[in-house]
Protein chains: 2
Amino acid sequence: MTEDLKLNMDAFLPLRDVVFNTLREAILKGDLKPGERLMELQLAAQLGVSRTPIREAIRMLEQEGLAVTVPRKGAEVAKMTLKGMEDVLEIREALDILACQLACDRITEEQLTVLAEKKKAFEDSLKSGNVKAIAETDVEFHDVIYDATNNPKLVNMLNNLREQIYRYRVEYLKREENYPTLIKEHNAIYDSLVNRNQDGATASIREHVKNQAIAVKEVIIQQG
Amino acid sequence: MTEDLKLNMDAFLPLRDVVFNTLREAILKGDLKPGERLMELQLAAQLGVSRTPIREAIRMLEQEGLAVTVPRKGAEVAKMTLKGMEDVLEIREALDILACQLACDRITEEQLTVLAEKKKAFEDSLKSGNVKAIAETDVEFHDVIYDATNNPKLVNMLNNLREQIYRYRVEYLKREENYPTLIKEHNAIYDSLVNRNQDGATASIREHVKNQAIAVKEVIIQQG
DNA sequence: CCCCTGTACTTTGTATACATTATTCATTAT
DNA sequence: ATAATGAATAATGTATACAAAGTACAGGGG
């Protein structure tokens with residue numbers, strides 16, 4: 001209840017953006033749990049700002065699908081049902097495949113070099129067993145591919161979808177039995193991109209996303 | 001300049017939602033043009049509300065991609081570059097194909113009946129030559145397919161993408177030489193869905209979207 | 001005992017006031 | 001003449017005040 005939210009004042013951003021980032025992080029990390037109410041006065045007091053930036057941040061969270069508000073009742077952290085997650089995963093599969101296909105055509109030699117580095121960093125983090133680091137390096141690996149699409153709107157949508165999966169995916173990354181599969185899949189994706197083999201890339205990323213989907217759904221079923 | 005915006009007070013919605021819908025409509029209809037500034041005080045005066053609901057509506061428009069704000073400078077109607085439109089069309093093609101594939105599996109007999117009706121209504125509106133009606137019936141035809149996916153999040157994203165194309169697509173629908181192609185494409189999509197032919201549906205919708213993409217890009221090139 | 005209702009309280013919705021930053025344009029120095 | 005400067009203006013950013021709606025609970029009547 002007595003959440004320990006604090007603002008990162010480094011950035012010279014409007015408070016609404018700082019509040020938005022803070023709440024977003026809190027939701028993704030699980031500090032704010034699905035269904036938990038987002039009360040303006042309480043949040044304002046905790047973060048030491050007025051209600052105005054809080055309200056604007058909530059409007060933004062709402063559009064990101066991280067919060068749901070009922071008029072005159074207030075906002076709460078979006079709950080994720082199994083059906084909702086299946087819907088998200090369905091979209092994500094299609095867009096991840098698209099991203100990989102585009103990257104196949106457009107990725108530069110430089111980006112391929114970076115991708116190789118990120119792939120290695122991911123493998124190293126798996127050895128370390130630090131789940132937070134694993135999640136981080138995995139994101140970085142896929143970010144290289146996303147950026148290679150040269151389609152910022154697509155990158156945006158994929159990041160948004162990833163957000164909604166994030167909380168559940170962490171559970172998946174805890175299970176060591178998945179590690180060999182993950183390494184194999186990353187290798188397959190990387191090799192396809194290096195060889196500009198679009199069909200191979202499509203197959204690899206589809207496999208990768210589908211496996212993750214299965215695991216994420218299992219987590220939700222266990223929780224709910 | 002002296003826009004004639006007026007609020008629709010029918011709904012018992014918070015003002016932010018009424019303002020949001022009003023501004024959204026104005027942008028899509030072209031009453032508010034790309035690049036036009038959205039000044040809070042001016043809009044508040046025009047709509048007879050305070051700045052608070054205006055600001056919240058702007059935050060929502062922003063997340064929809066219909067407005068862009070620069071901190072401490074203000075918001076303006078999002079401009080659409082050719083590159084931006086290509087990016088949107090790229091995503092839309094992938095998601096429209098996904099929607100059509102899902103619909104192939106999931107569309108009910110009832111929905112197929114409605115789809116037939118909408119197809120006919122579209123053909124009739126083409127004969128009428130009323131562009132607004134054509135745009136409307138076309139949307140309704142595709143909405144049946146979207147709904148048949150049984151994936152509300154996907155429907156949401158597709159509607160959002162369609163919004164961003166809307167203004168330019170209208171030009172496409174003005175050209176009578178396109179009408180036979182449009183009818184043929186709708187028929188192909190409909191037939192594939194009736195026969196639950198997923199490959200056929202994929203090919204049909206891809207063709208349909210690609211043709212539209214070409215036309216929309218031409219419009220942008222002519223304008224810019 | 002249950003339901004209904006009224007009141008106190010909490011929370012959101014909206015308006016407004018104040019603070020800060022950007023812009024404009026005239027003025028001045030080079 | 002042009003560029004830099006600075007005051008005036010106008011816009012956004014933030015806080016607060018007020019209004020209205022929702023919620024919870026106690027007390028009274030059936």
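This is a predicted model: local features need pLDDT of at least 70, side-chain atom pairs count only at pLDDT 80 or more; totals for chains, interfaces and linings use all residues.
The contact between the protein chains draws 30 residues from chain A and 30 residues from chain B. The size of an interface is often expressed as the accessible area lost when the parts come together. Here the area buried between chain B and chain A is about 2700 Å², and carbon and sulfur atoms give 57% of that area. Polar interactions also cross this interface: six salt bridges are found between chain B and chain A, and 12 residue pairs are in polar contact, with both residues at pLDDT 80 or more. In one salt bridge, A:R106 pairs with B:E90, and the closest N and O atoms are 2.6 Å apart. On the side of chain B that touches chain A, the elements giving two or more residues are α3, α4 (82–106) and α7 (152–174) of chain B. Of these, α4(B) provides the largest share, 11 residues. By residue class, this side of chain B comprises 13 nonpolar, six polar and 11 charged residues.

DNA strand C is surrounded by 20 residues, the closest of which are A:R51, B:L15, B:S50, B:T52 and B:R72. Of the atoms of DNA strand C that come within 4 Å of the protein, sugar and phosphate account for 68%. Two contacts from chain A involve phosphate oxygens of DNA strand C: a backbone N or O atom of A:E40 lies 3.3 Å from one, and an N or O atom in the side chain of A:R55 is 3.1 Å from one. With three residues, α3(B) gives the most to the surface near DNA strand C. That surface contains seven nonpolar, three polar and 10 charged residues.

DNA strand D is likewise surrounded by 20 residues, and the closest are A:L15, A:S50, A:T52, B:R51 and B:R55. Sugar or phosphate supplies 67% of the atoms of DNA strand D within 4 Å of the protein, and bases supply the rest. A polar backbone atom of A:L15 is 2.7 Å from a phosphate oxygen of DNA strand D; for a backbone N or O atom of B:R72 the distance is 3.1 Å, and for one of B:L38 it is 3.5 Å. Two or more residues of the surface near DNA strand D come from each of α1 and α3 of chain A and β1 (37–38) and α3 of chain B. The largest share, three residues, comes from α3(A). The surface near DNA strand D divides into seven nonpolar, three polar and 10 charged residues.

A:T22 is found in helix α1 (residues 15–29) of chain A. A:T22 counts as buried because its relative accessible area is 12%, under the 20% limit. A polar atom of the A:T22 side chain lies 2.7 Å from the backbone oxygen of A:V18. A:H142 belongs to helix α6 (residues 131–148) of chain A and is also buried, with a relative accessible area of 7%. Leaving aside residues up to four places away in sequence, A:H142 touches A:R162, A:H186, A:I205 and A:H208.

Terms used:
Residues are numbered from 1 along each chain as its sequence is written. Chains are lettered from A and ligands numbered from 1 in the order in which they are written. Side-chain values use heavy atoms; hydrogens and water are left out. A residue is near a molecule or strand if one of its heavy atoms lies within 4 Å of it. A polar contact is a pair of N or O atoms within 3.5 Å; within protein, one must be able to donate a hydrogen and the other to accept it, and residues adjacent in sequence count only if both atoms are side-chain atoms. Helices (H or I, at least four residues) and strands (E, at least two) are DSSP runs, numbered from the N terminus. Ala, Val, Leu, Ile, Met, Phe, Trp, Tyr, Cys and Pro count as nonpolar, Asp, Glu, Lys and Arg as charged, and the others, Gly among them, as polar. Contact means heavy atoms within 4.5 Å. Buried area is the accessible area (1.4 Å probe) that two parts lose on being put together, summed over both. A salt bridge is a side-chain nitrogen of Lys or Arg within 4 Å of a carboxyl oxygen of Asp or Glu. Buried means under 20% relative accessible area, exposed over 50%, partly exposed in between (1.4 Å probe, protein chains only).
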